[in-house]
Amino acid sequence: MTESANPEKIRCDACPVMCYIAQGKSGACDRYANHAGELVRLDPLTIIEHGDAKLVPFLKDSDPQDWDGNIVNANRPFVTAVGAGTTYPDYKPAPFIVAQDIAGVDMVTVVTEGIFSYCGVKVKIDTDRHIGHERDVVYADGEPIGHIMTSEYGSKMLSLGGVEHLTGGSKKEGRVTCDALLRLCNRDPVTMTIGEDDHRTEVVVQAGAAPIINGTPEKLMRVGCGSATIGMFAKQWLGHADDVVVVDDHITGVLSEHQAGKELDVPATGIKIKGRRSTPGRYFQVAEPGTGWGGTDIDDPLTILGPFNPKIAWPGLRLLMVSTTGEQFGYYVLDDDLHPQPAAMPAALAASTELIAENCEPSICSVLFMGGAGGSLRAGVTENPVRLTRSVKDALTHVSCGGAQAYVWPGGGITVMVDVLDMPTQSFGYVPTPALVAPIEFTLRISDYETLGGHMGDVQSLAEVASAPMRRVAPGALGHDPMDSTHYRWSRDREQ
Ligand code: SF4
């Protein structure tokens with residue numbers, strides 16, 4: 001990997017930047033350094049320990065020869081690609097190709113830190129607050145790094161990064177995009193600005209943390225849309241209110257008109273909702289989107305009401321208005337002119353708003369890394385790259401990222417998506433090309449590896465790999481085990 005440029009510097013060839021690195025210094029990505037004339041990867045190789053057994057042979061200063069590689073005693077350590085290093089150009093074998101005997105099956109895991117030019121993150125922000133319109137541009141440090149996609153159920157979705165931002169804009173756009181992706185993937189907070197001019201929102205996103213919108217940390221994800229809330233809690237309101245309106249930016253629900261109210265014999269109240277009626281008791285566009293009640297721009301819920309129908313409504317009619325998180329609520333009684341007047345909330349209705357809030361989950365940000373591994377990276381696995389793609393599709397090869405479960409998209413290529421919270425901390429790096437560096441592992445039977453043209457001459461045993469500095473981590477929250485036989489077609493075929 002190294003080549004002398006002059007007596008003081010060595011050249012790193014782990015990515016296209018090809019840094020010359022002076023003695024005692026690190027390269028542009030801070031991942032490689034020159035230690036006494038030797039190029040070293042600065043982060044230790046990360047292995048995942050499944051089970052309680054301690055992997056004593058993997059201690060940094062221990063002699064790997066002390067360990068006989070007994071996989072049963074070691075409780076299936078999994079060598080991830082975190083800290084493994086990259087290869088460039090890709091025809092070279094991956095940094096580690098590790099053989100293990102798993103319950104009598106000879107398996108191999110091909111481990112590499114991939115350089116992803118085609119990558120980005122999908123961000124899910126649990127909030128009802130309006131943070132921007134679909135297709136609004138997301139900025140970091142004044143540079144466009146992505147855009148808003150649609151809203152999912154109680155969440156706003158962002159698409160950040162991708163090759164267009166990394167390579168298709170200015171140099172600064174690519175650098176800022178890469179930096180934002182790196183920080184998001186390594187679970188650090190990133191401050192973003194969404195939209196322009198009069199509809200600009202500042203959002204701080206951090207994987208696993210509550211979003212901070214215009215300086216205010218979000219607390220709750222809504223329990224459902226207004227219609228769903230009516231469906232869930234209709235019975236709680238019977239006898240305590242004559243009508244209930246659940247205010248929501250997307251679908252506002254009205255108890256007396258809703259199917260749930262009909263089935264519970266709630267009589268008509270003559271209520272009039274401004275907005276577009278969809279089906280009975282369900283209204284769209286009752287207000288503009290915003291940071292007020294239920295993701296609308298209103299602070300006073302009465303603004304979405306028209307005059308009550310005097311032929312149906314009656315003085316003394318009791319009305320509850322509540323948001324989809326239960327955080328905002330108001331109780332009103334119609335006066336003799338059929339105008340709603342604020343009144344003291346009965347205890348039973350107060351309890352129902354608390355029940356709505358109790359049923360809301362905490363609002364958090366989720367960050368999913370997404371990258372294309374169907375390109376040259378495959379050559380580090382096999383001399384016949386398309387066979388790797390086919391092997392993944394045929395469920396003979398299992399793909400993981402830092403040992404975490406990776407969703408492989410259907411169709412061509414090997415496009416993976418993984419929750420960064422399932423991966424070991426500090427799993428990601430970068431190179432200044434710019435591109436993100438992410439761990440990826442391919443695990444398969446050694447016989448299948450040979451069939452697809454794998455680099456058989458570079459297969460190592462676990463004991464050999466144990467000579468590298470190691471970081472040992474526990475499995476992610478999902479406890480994913482890439483070597484579990486149920487991932488593989490041959491295991492399923494065997495059971496039939
Ligand atoms: S940026 Fe990092 S990986 Fe690329 S050549 Fe420089 S030190 Fe090596």
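**Entry 1: ground rules.** I am looking at a predicted model, in which local features need pLDDT of at least 70, side-chain atom pairs count only at pLDDT 80 or more, and totals for chains, interfaces and linings use all residues. Residues are numbered from 1 along each chain as its sequence is written, and side-chain values use heavy atoms, with hydrogens and water left out.

Entry 2: I looked up where the ligand sits, and it is in the largest cavity. On a 1 Å grid over the protein atoms alone, a cavity is a set of points where a 1.4 Å probe fits but cannot get out. Sitting there means that more than half of the molecule's atoms lie within 2 Å of the grid points.

**Entry 3: the largest pocket.** A pocket is an open set of points with protein on both sides within 12 Å along at least five of seven lines, and its lining residues have an atom within 4 Å of a point. The largest pocket has a volume of about 440 Å³, taken as the space filled by probe spheres set on points joined across faces, edges and corners. Its lining has 20 residues, with L39, V40, R41, A84 and P469 nearest the centre. Which strand gives the most to this lining? I found that β4 does, with four residues. Strands here are DSSP runs (E, at least two residues), numbered from the N terminus.

**Entry 4: the second largest pocket.** I read off about 330 Å³ of space for this one. D90, I115, F116, S376 and L377 are the closest to its centre, out of 19 lining residues. Strand β8 (residues 105-116) brings the largest share, five residues. The lining divides into seven nonpolar, 10 polar and two charged residues.

**Entry 5: the sheet.** I followed an open, antiparallel sheet of 11 strands, in the order β16-β15-β14-β13-β10-β11-β12-β9-β24-β28-β27. β16 (216-217) and β27 (407-408) are at the edges with a single partner strand each, so one side of each is left without a neighbour in the sheet. Two strands pair if DSSP finds at least two bridges between them. β13 (residues 190-194) and β14 (residues 201-205) pair over five bridges. I194 has T201 in β14 as its bridge partner.

Note on methods. Ala, Val, Leu, Ile, Met, Phe, Trp, Tyr, Cys and Pro count as nonpolar, Asp, Glu, Lys and Arg as charged, and the others, Gly among them, as polar.
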